[in-house]
Amino acid sequence: MSLQRGTSPSTGGCWAEVERLRQALAAADAVVVGAGAGLSTSAGLTYTGERFEKNFADFKARYGIGDMYSGGFYPYGSLEEYWAWWSRQILLNRYDQPPGGPYLDLLRLLAGRDYFVLTTNVDHQFQLAGFDKRRLFYTQGDYGLWQCSRPCHDRTYDNEEAVRQMVRRQRDQRVPGELVPRCPVCGAPMAMNLRCDGRFVEDEGWHEAALRYRAFLEGHRGRRLLFLELGVGGNTPVIIKYPFWQMSAENPRATYCCINLGEASAPRELAGRAICIDADIGQALAALG
């Protein structure tokens with residue numbers, strides 16, 4: 001069964017849908033959460049506007065960069081410039097950002113429930129909020145990890161100490177050359193452990209999390225599952241959105257819920273078992289509490 005096309009329009013009366021979600025949560029044997037960038041945006045981790053201007057005005061003036069996302073792909077002329085950008089972005093979005101309200105509200109909603117979280121977010125917000133690490137699968141990497149850029153081996157490295165030093169010592173959008181991180185095995189420059197090309201390293205922790213996620217799904221096959229999709233857009237639908245549609249369609253006892261401002265929809269095949277809430281994720285989760 002293909003459910004990748006022909007989605008229905010967003011359901012009206014979103015607050016009535018919030019009540020439907022409340023009932024679905026109460027009835028579910030377990031909850032599978034799929035979290036995308038929209039959840040972090042709702043939590044205040046915006047990559048544009050005032051937050052970008054406050055922290056990257058100098059990069060905007062020098063390079064014409066207009067937002068944090070595009071800044072990560074800018075063709076800097078040196079590794080010293082590259083790591084000046086990335087160290088500042090990592091510090092802002094990974095180490096100096098407290099857990100956002102929507103993450104804390106979601107944790108409260110899941111308290112005492114059997115759940116697992118699949119996320120494409122790389123900002124560590126789930127663990128900062130207090131979620132059990134063994135119930136999380138970060139599929140696309142983590143701002144807090146580096147890897148070899150080649151890569152010559154399948155290991156990742158924590159970067160907090162190095163990042164903080166880079167931010168302290170950078171001048172004129174450059175870090176000192178001696179702070180540029182190098183692979184301890186082959187000497188090549190390090191890179192972010194983010195899935196943006198075929199060189200992404202899936203380390204031991206990544207594979208263990210993948211196995212736990214698959215075991216969770218297999219152990220709950222055929223049960224009353226709630227697939228709760230939060231802020232998943234159209235950039236990488238094959239990771240969360242399409243699998244959630246497929247698994248919901250295959251399990252007649254499952255309920256699918258999508259909360260996404262301006263993008264809440266579900267396949268027609270799930271009519272009657274889909275809840276579409278076209279609202280800010282944070283407001284919807286707070287209303288459930």
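Cys 186 is partly exposed, at 28% relative accessibility. (Buried means under 20% relative accessible area, exposed over 50%, and partly exposed in between, with a 1.4 Å probe and protein chains only.) This is a predicted model: local features need pLDDT of at least 70, side-chain atom pairs count only at pLDDT 80 or more, and totals for chains, interfaces and linings use all residues. Residues are numbered from 1 along each chain as its sequence is written, and side-chain values use heavy atoms, leaving out hydrogens and water.

**Cysteines**

- A disulfide is a covalent bond between the sulfur atoms of two cysteines.
- Here the term is used for a pair of cysteine sulfur atoms within 2.5 Å.
- A search of the whole structure finds 0 disulfides.
- Cys 186 is in no disulfide; its nearest cysteine sulfur belongs to Cys 148 and is 3.6 Å away.
- Cys 152 is partly exposed, with 36% relative accessibility.

**The sheet**

- Helices (H or I, at least four residues) and strands (E, at least two) are DSSP runs, numbered from the N terminus.
- Two strands pair if DSSP finds at least two bridges between them.
- An open sheet is formed by 3 strands in the order β6-β5-β7, with antiparallel pairing.
- Its edge strands are β6 and β7, and each pairs on one side only.
- Strand β5 covers residues 141–148 and is mostly covered: 8 of its 8 residues are buried.
- β5 pairs with β7 (residues 190–194) over 4 bridges, in the antiparallel sense.
- Gly 141 has Leu 194 of β7 as its bridge partner.
- β5 also pairs with β6 (residues 157–158), again in the antiparallel sense, over 2 bridges.
- Which residues face Trp 146? Its bridge partner in β6 is Tyr 157, and Met 192 in β7 stands opposite Trp 146.

**Helix packing**

- Two packed helices are described by the angle between their axes and the distance between the axes.
- Axes are lines fitted to C-alpha atoms, for helices over the stretch in contact; angles run from 0 to 180 degrees between N-to-C directions.
- Helix α1 (residues 14–27) packs against helix α11 (residues 281–288) at about 55 degrees, with their axes 10 Å apart.
- That makes α1 oblique to α11, because angles under 35 degrees count as roughly parallel, over 145 as roughly antiparallel, 65 to 115 as roughly perpendicular and the rest as oblique.
- Contact means heavy atoms within 4.5 Å.
- On the α1 side, the contact is made by Trp 15, Val 18, Leu 21, Arg 22 and Leu 25.
- On the α11 side, Gln 283, Ala 284, Ala 287 and Leu 288 take part.

- Most residues other than glycine have a negative phi, and most peptide bonds are trans.
- A cis peptide bond joins Arg 150 and Pro 151, with omega about -15 degrees.
- Pro 151 lies in the loop between β5 and β6.
- Asp 172 is not a glycine, but its phi is positive, near 50 degrees.
- Gln 173 is not a glycine either, and its phi is positive at about 60 degrees.
- Asp 172 and Gln 173 are both in the loop between α8 and β7.
- Are these two residues buried or exposed? Asp 172 is exposed, at 59% relative accessibility, whereas Gln 173 is buried, at 12%.
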